[in-house]
Protein chains: 2
Amino acid sequence: MLRGLLLSGELDWSLPTETLLHFAARAEHVERAIRPALAAGTWVVCDRFADSTMAYQGHAQGGDRAAIASLTEMMRLRPDLTLVLDLDVAAAMARLHARGAPADRYERLGEGFFARVREGFRAIAAADPARCLLIPADRPEADVADAVWQAVRTRSGLPA
Amino acid sequence: MLRGLLLSGELDWSLPTETLLHFAARAEHVERAIRPALAAGTWVVCDRFADSTMAYQGHAQGGDRAAIASLTEMMRLRPDLTLVLDLDVAAAMARLHARGAPADRYERLGEGFFARVREGFRAIAAADPARCLLIPADRPEADVADAVWQAVRTRSGLPA
């Protein structure tokens, strides 16, 4: 429900509110889905986590990055491995349009916004190489999938 | 809208989510109402602020007090004066019932809960005497109002 409110763009939140609502939605996800799964020994894969808030609200929207870092620390849950699929913004927008789904609030913000989001993710990955890996995504899906699988195998010590 | 969701009790949030939603509602209030008023030179009076989250979610519900303190710091807005109207819980409940309004989610939690809320507010006030003043509220309304007005005059340096 919270993510629906955030993505619809119907309500004009201030940036600090928007940031806290993303963390509230994430806290619910952590407490109700992720922690129970981890406690049961399940591997958890998320398509977004706190880095997205840092990239979107911190880097692209100009929010308080120190506050976002503190909110991230407060969750006391850190991914073992973060894969950043990196792609030229124009190519990403073309893929988005090809999907045909209606654009959410962030997707409507255009290429300048996403150029800042991309730089944010690249900065986050560069600052934390032990956790993050940048994967070039300007390739066919199968090649990206291979790179992802190889990274998971290598970083988690699974046999090849 | 956020406070309505929090007070209705319709949704069963986890405690970290509930805490973040209180700060989200407060952030919107700060950005849209309080900061513009302060910028215009207006004195701002709130009937609740971050101390309530510390007392309710921190002390009474057993949440992460260090996280609540960090969230409070992040607002970068600290009241000059906080008046804590202190009252025996049974007397407070009797006044609440005399109002006749339907109880909100917190008010339905009963006397044991409010005893912890009261201890929370007393601990907050004791730990920060330069900002907080405990005002005994087991007196007629006019006497409490006099004590409030005297405290505001003294702390703000207004003439008597």
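**Notebook: strands, an arginine and the A–B interface**

I began with the strands of this predicted model. In chain A, β1 and strand β2 (residues 132-136) pair in the parallel sense over five bridges. I looked up the partner of A:Val84 and found A:Leu134 in β2(A).

Next I followed the side chains along β1 (residues 82-86) of chain A, and they alternate. A:Thr82, A:Val84 and A:Asp86 point to one face and are buried.

Then I checked backbone angles. Most residues other than glycine have a negative phi. A:Arg76 has a positive phi, near 50°. I placed A:Arg76 in the loop between α4 (65-74) and β1 of chain A. Is A:Arg76 buried or exposed? Its relative accessibility is 60%, so A:Arg76 counts as exposed.

I repeated this for chain B. Phi of B:Arg76 is also positive, near 50°, and B:Arg76 sits in the loop between α4 (65-74) and β1 (82-86) of chain B.

I counted two salt bridges between chain A and chain B. I also found eight residue pairs in polar contact between these chains, both residues at pLDDT 80 or more.

On the chain A side, α1 (2-8), α2 (15-39) and α4 each give two or more residues. α2(A) gives the most, with ten residues. I sorted the residues of that side into 14 nonpolar, three polar and six charged.

Last, I noted the area. About 1800 Å² is buried between chain A and chain B, and carbon and sulfur atoms give 69% of it. In chain A, A:Leu20, A:Arg32 and A:Met74 lose the most area to chain B, together 25% of what that side buries.

Definitions and conventions: Residues are numbered from 1 along each chain as its sequence is written. Chains are lettered from A and ligands numbered from 1 in the order in which they are written. This is a predicted model: local features need pLDDT of at least 70, side-chain atom pairs count only at pLDDT 80 or more; totals for chains, interfaces and linings use all residues. Side-chain values use heavy atoms; hydrogens and water are left out. Buried means under 20% relative accessible area, exposed over 50%, partly exposed in between (1.4 Å probe, protein chains only). Helices (H or I, at least four residues) and strands (E, at least two) are DSSP runs, numbered from the N terminus. Two strands pair if DSSP finds at least two bridges between them. Buried area is the accessible area (1.4 Å probe) that two parts lose on being put together, summed over both. A salt bridge is a side-chain nitrogen of Lys or Arg within 4 Å of a carboxyl oxygen of Asp or Glu. A polar contact is a pair of N or O atoms within 3.5 Å; within protein, one must be able to donate a hydrogen and the other to accept it, and residues adjacent in sequence count only if both atoms are side-chain atoms. Ala, Val, Leu, Ile, Met, Phe, Trp, Tyr, Cys and Pro count as nonpolar, Asp, Glu, Lys and Arg as charged, and the others, Gly among them, as polar.
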